Amino acid sequence: MDSLLVLCARHVITQRHLPPLPADLYPVLFQLAFLDGRPWVLRDLVAAWPFPVLHVQRLLSHRELLEDRPHISYVKAVIQAVVAQLQRELEEPGLDSRWVLGITAWPQPPIPAGIFMVSSSIFSSGCRLRVLDMTGVPDIPDEQSSCCSTVALAKACVEVSKHQQEFQRHRPKWHKGCSGAVTAAATPQILGVDVHADLVVNGTSYGILHNALQTGATNPLRLKCREFKAENISANMIVPLFDCLDPSCLRRVELYVFGLGGLSLILPHLSRFPELLSLTLWYTTMDVWHPTPESANRIRCVARQLGMLPSLRELNLGCARLPGNLCQILCNLQAPLESLDLGYSSLLPADLTFLSQSIHAQALKRLDLSGHNISQDLLEPLQLLLMETSTSLLYLNLRDCHMADSHLAALLPTLLRCSRLRFLGLYGNPLSKAAIKDLLQKTLELPDLHLVVYPYPLDCHTWDPSEFDCYLFDESADEELLSAAKAEFSQLLANSRRTNLVWTDDPKGLEALDYFSL
């Protein structure tokens with residue numbers, strides 16, 4: 001049942017005009033306008049926002065709320081309000097932004113196109129917004145327009161910059177003072193708004209984003225990038241974008257499908273960002289199956305450039321194909337890593353041995369070794385590595401590692417020494433129902449364990465176990481046998497009274513977690 005506050009707030013947002021409101025009501029109204037699908041209300045709330053900071057994700061509490069809705073219309077509504085505020089400040093620099101007329105264009109009842117309704121009320125709190133934080137807002141394109149948050153933000157920055165230039169071009173260059181003397185008119189100074197956002201750059205967003213970032217610090221609407229993700233564009237296109245970003249803001253970079261040559265071009269520009277915590281290099285081709293003097297030199301070059309990132313704590317090299325080269329890649333890092341993703345990277349026993357003896361082992365909180373066949377020569381090095389990480393490790397993903405019952409039995413004593421472990425992923429491994437039940441019962445002694453992603457039990461499949469294929473594993477499950485196995489696992493959990501412990505066969509539960517959520 002809704003509280004009285006929520007009922008009153010919901011009544012307010014259904015009104016044609018926003019009445020004068022206490023500042024404390026704005027966060028509640030923002031949440032309800034989002035949940036009830038009223039972007040026009042969001043626009044009017046932001047236009048009169050009484051606080052210096054608006055953090056969208058924090059207001060909505062849960063990222064799931066953002067992901068479950070076609071949020072681009074909400075993003076546009078928020079941005080339109082900020083753009084209107086800045087344009088008003090440019091045109092009327094003497095206007096006290098704390099006293100702003102409420103301008104509404106709410107679609108109920110219907111209003112003729114192009115006609116805006118001006119509220120007779122004045123918001124005494126007024127718009128004080130100076131920082132709009134949209135980090136964490138998913139950059140999902142709109143199905144109809146293909147517009148995404150990055151494009152909408154970039155267009156807004158370009159629009160405000162053009163408005164500023166146009167205003168300065170046509171404003172009076174001279175004015176007459178009280179004494180009659182003619183002096184140069186002062187350029188109006190406004191505080192502007194900083195927009196903190198996670199940016200996704202691809203073929204669609206590149207041009208407008210580059211234009212927006214080039215407007216720089218002189219733009220009243222300044223784009224501050226926290227996370228930068230590049231997809232399907234060349235290294236030569238990425239470099240100019242990095243050169244335009246604010247060095248103090250960038251925390252995370254994701255790059256996809258680059259060879260050593262492209263990385264050698266990009267990585268030197270990352271040294272501008274002293275607070276960069278996380279670097280993801282997905283599907284990087286290291287060219288090490290057939291090494292040449294040139295590829296060896298490029299690996300050393302990449303390692304040196306990684307060593308120029310003093311704050312780096314998370315490194316993702318998923319699908320990087322770097323057998324036998326982990327030591328060369330990590331040798332120049334200035335501080336221990338806390339998160340390392342090496343999934344599907346074709347590691348050799350020597351790589352795991354190096355990692356267990358490195359400065360990183362006892363600092364690692366998150367480790368992903370998915371896609372490595374531990375049924376061969378990796379089991380013993382893996383045991384040694386887990387022994388060294390046991391005091392720090394919170395997250396371990398061993399998906400698709402060809403782990404049979406005997407391998408799990410050998411690994412289990414070491415796993416149980418990881419006393420701080422919270423998340424464990426074993427999806428896609430050929431484990432029997434008996435082995436999974438044994439794992440469940442024994443890991444109950446891990447007090448912080450919160451989530452385990454287990455595979456479909458091998459004996460719940462219609463295939464011959466000798467024909468196991470981790471990539472087709474879930475397609476051959478017998479639904480009746482699988483349901484019975486799940487019921488047994490659920491009963492064991494219920495008997496344990498560990499209400500905070502989740503066991504699931506859905507791999508998405510673990511993949512959604514990252515270093516920053518630990």
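In this predicted model, strand E9, spanning residues 252-256, is largely enclosed by the rest of the structure, because four of its five residues are buried.

Strand E8 (residues 221-230) runs parallel to E9, and the two are joined by four bridges. Within this pairing, glutamate 227 is placed opposite arginine 252 of E9.

Helix H10, comprising residues 260-266, takes part with E9 and E10 in a right-handed β-α-β unit.

Helix packing was examined for helices H6 and H7. The axes of H6 (residues 72-91) and H7 (residues 149-170) come within 10 Å of one another and cross at roughly 15°. Because angles under 35 degrees count as roughly parallel, H6 is described as roughly parallel to H7. The contact involves Ile72, Val75, Lys76, Ile79, Val83, Leu86, Gln87, Leu90 and Glu91 on the H6 side. On the H7 side, the contact is formed by Ser149, Ala152, Leu153, Ala156, Glu159, Val160, His163, Gln164 and Phe167. The crossing of H6 past H7 is right-handed.

Methods: Residues numbered from 1 in each chain as written. Predicted model: local features only at pLDDT ≥ 70, side-chain atom pairs only at ≥ 80, totals over all residues. Heavy atoms only, no water. Buried < 20%, exposed > 50% of the residue type's maximum accessible area, 1.4 Å probe, protein only. Pairing = 2+ DSSP bridges. Right-handed = clockwise from strand over helix to strand, strands pointing away. Axes fitted to C-alpha atoms, helices over the stretch in contact; angles between N-to-C directions. Parallel < 35°, antiparallel > 145°, perpendicular 65-115°, else oblique. Left-handed = near helix turned anticlockwise from the far one by under 90°. Contact = heavy atoms within 4.5 Å.
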